[in-house]
Amino acid sequence: MAYYGAVDIGGTKIAVGIGSEDGALLASERFATPRFGPEQGIHDIVQAIGNLCAQLHIAETQLTALGVGTPGPLAGSRLLKSANLPEWEGIDLAVSLRLRAGFRVSVQNDATAAAMGEWYYGAGRRVNDMVYITVSTGIGGGIIAGGREVSGTDGNAGELGHIVLERNGPLCQCGHYGCLEALASGTAIGRIGQERQPESDYLRTLGVITAADVFLGAHRRDPVCDEIVQQTAEYLGLGVSYLINLTNPTRVVMGGGVMAHAGAQFLDRVRAAAERFSMPALFSATEIDLAALGEDSGLVGALAVGILGSAK
């Protein structure tokens with residue numbers, strides 16, 4: 001059996017795993033992202049790989065390659081300025097991990113990596129044209145076209161959260177106004193819930209409002225919460241329609257914490273909005289589904305990055 005390492009780096013946590021070529025995660029662990037620069041993070045990743053190899057009773061030298069998914073933007077495998085990992089700016093992840101771990105390392109934008117995981121092993125299997133959208137703290141995504149991931153010049157293609165939908169909308173962390181991320185991410189839903197808290201019988205009983213609170217309020221038929229949820233679905237459906245009209249995919253896969261929490265009924269609202277805004281012929285050719293890999297999508301995606309990278 002061939003073994004591959006996988007690393008999913010996030011702003012708050014890092015997941016490390018070892019898997020096989022069929023996408024199965026054999027062992028994994030998660031730990032908090034160090035706040036004092038990347039050196040401790042690289043050390044913790046290498047240590048976790050060693051621990052997992054020992055757990056599986058294999059030598060580290062048996063790992064064929066390591067795949068890494070990280071928040072962008074990237075210049076090759078070097079991390080540029082990142083709102084989620086400001087202390088890691090400038091580090092070349094492939095070089096740093098290769099020097100410490102000693103085997104081949106491939107690095108990809110985290111959302112594109114998750115798209116690759118869903119494409120190879122999840123809801124996008126057996127399709128050549130797919131768009132993956134993750135709706136969580138932020139919004140990102142990845143595009144598969146003609147049976148290949150679309151990476152762009154430096155691996156940063158798929159910044160779907162920064163499609164501008166409202167020119168005079170709220171400020172996004174990227175510095176622009178009215179991005180999809182600023183309108184429909186988990187952070188945005190919580191912010192809007194906080195702004196409208198005095199109007200809502202349910203939200204008035206709470207302190208700091210999160211997206212989960214808003215969806216629970218909508219489930220309990222609070223009209224303000226339901227209005228926020230519907231508005232979010234409209235924005236997401238509009239964003240999805242742009243992608244359908246632009247890429248003509250066989251399948252749109254929607255994942256991330258917000259989609260996992262909101263579930264199938266919310267997806268129905270997004271789908272209905274996307275249908276209204278899309279060209280009919282293109283929408284009719286597209287399936288819109290929930291992601292299948294859940295919280296492991298990033299790690300399985302990093303596994304796919306390592307497998308594909310070792311084959312090049």
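## Close-up views of a predicted model

**View 1. Strands β11 and β12 pair in the parallel sense, over four bridges.** This model is predicted. Within the pair, M254 stands opposite L290 of β12. β11 is mostly covered, with five of its five residues buried. Both of its faces are covered. R251, V253 and G255 lie on one side, V252 and M254 on the other, and all are buried.

**View 2. Strand β8 runs parallel to β11.** Five bridges join β8 (residues 130-135) to β11 (residues 251-255), and the two strands run parallel. M130 has R251 of β11 as its bridge partner. T134 stands opposite G255 in β11.

**View 3. Five strands form an open sheet with mixed pairing.** The strand order is β10-β9-β8-β11-β12. β10 (148-149) and β12 (287-290) stand at the edges. Each has a single partner strand, so one side of each is left without a neighbour in the sheet. Helix α3 (residues 110-121) packs on this sheet. α3 touches β8, β9 (139-145), β10 and β11, and its direction makes about 125 degrees with that of β8.

**View 4. Helices α5 and α6 pack against each other.** α5 covers residues 186-195 and α6 covers residues 211-219. Their axes are 7 Å apart, at an angle of about 65 degrees. That angle makes α5 roughly perpendicular to α6. On the α5 side, the contact involves G186, I189, G190 and G193. These meet A211, V214 and F215 of α6. By class, the α5 contact with α6 has four nonpolar residues, three polar and no charged ones.

**View 5. Helix α1 packs through its buried residues against strands and a helix.** α1 (residues 38-56) has 19 residues. From first C-alpha to last, α1 reaches 27 Å, close to the 27 Å expected at 1.5 Å a residue. Its buried residues include P38, G41, I42, D44, I45 and V46. A48, I49, G50, L52 and C53 are buried too. An α-helix has 3.6 residues a turn, so residues three or four places apart point the same way. The strands packed against the buried residues of α1 are β1 (3-9), β2 (13-20), β3 (25-32) and β4 (63-70). Helix α2 (93-101) also packs against them. Just after α1, H57 takes a positive phi of about 60 degrees.

Note on methods:
Residues are numbered from 1 along each chain as its sequence is written. This is a predicted model: local features need pLDDT of at least 70, side-chain atom pairs count only at pLDDT 80 or more; totals for chains, interfaces and linings use all residues. Side-chain values use heavy atoms; hydrogens and water are left out. The expected span of a helix is 1.5 Å times one less than its number of residues. Buried means under 20% relative accessible area, exposed over 50%, partly exposed in between (1.4 Å probe, protein chains only). Contact means heavy atoms within 4.5 Å. Two strands pair if DSSP finds at least two bridges between them. Axes are lines fitted to C-alpha atoms, for helices over the stretch in contact, and angles run from 0 to 180 degrees between N-to-C directions. Angles under 35 degrees count as roughly parallel, over 145 as roughly antiparallel, 65 to 115 as roughly perpendicular and the rest as oblique. Ala, Val, Leu, Ile, Met, Phe, Trp, Tyr, Cys and Pro count as nonpolar, Asp, Glu, Lys and Arg as charged, and the others, Gly among them, as polar.
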